[in-house]
Each structure stands twice: as C-alpha cells, then as structure tokens.
Amino acid sequence: MTASRGHVEELPDGTEVKLGVWLSNVKSRRAKLGADQLERLAGLGLEWAAQASVTE
C-alpha cells in the first residue's frame, strides 16, 4: 500500500480523511509503535511495518 502525502480518501458518510498525511506520520514514528500495532499495520499490507516488526 502506498499513497502520496496529499492522498485524501472520502468515506461513505462524506467525511474526508487525509490518508497520505496519516501514513507518512505513522511511518516516520514507527520506532515508537508497539509490536501489536506494527503487526496490525503489516496485516494491512504495509511492508515497512512488517520489516520493522521483524527487527524488534
């Protein structure tokens, strides 16, 4: 899963979520995430989360 920093998702209720900003922030702060959080993100297809959970 990749998204540019400017990527915005529109939810069914019309709410917009700045997914690109969120992904960028989470990736840059991955050292502070717990193993369970990294596993969940890896389960969503984020390769960097899978790699980070292996190195811990």
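The structure is a predicted model, in which local features need pLDDT of at least 70 and side-chain atom pairs count only at pLDDT 80 or more, whereas totals for chains, interfaces and linings use all residues. Residues are numbered from 1 along each chain as its sequence is written, and side-chain values use heavy atoms, with hydrogens and water left out.

The secondary structure comes to 3 helices and 2 strands, and from the N terminus on the elements run β-β-α-α-α; helices (H or I, at least four residues) and strands (E, at least two) are DSSP runs, numbered from the N terminus. Along its principal axes, the C-alpha trace of the protein spans about 40 × 20 × 15 Å.

A52 also belongs to the largest nonpolar core, which has 9 residues, namely L23, V26, L33, L38, L41, L46, W48, A49 and A52. Helices α1 (19-28), α2 (35-43) and α3 (47-55) each supply at least two residues of this core, and α3 gives the most, with 3 residues. Such a core is a set of buried Ala, Val, Leu, Ile, Met, Phe, Trp, Tyr and Cys residues joined through side-chain atoms within 4.5 Å, and buried means under 20% relative accessible area, exposed over 50% and partly exposed in between (1.4 Å probe, protein chains only).

In α1, the buried residues are G20, L23 and V26. These residues lie on the same side of α1 because they cover an arc of only 135 degrees around the axis, the arc being that of the directions from the helix axis to the C-beta atoms.

Helix α3 also contains Q51, which counts as exposed because its relative accessibility is 51%. Q51 and E39 are 12 residues apart in sequence, and their C-alpha atoms are 9.9 Å apart in space.

For the protein as a whole, buried residues make up 18% of the 56 residues. The accessible surface comes to about 4300 Å², of which 52% belongs to carbon and sulfur atoms, with areas taken from the Shrake-Rupley method with a 1.4 Å probe. Among contacts between residues at least 6 apart in sequence, 5% join residues at least 24 apart.

Terms used:
Contact means heavy atoms within 4.5 Å.
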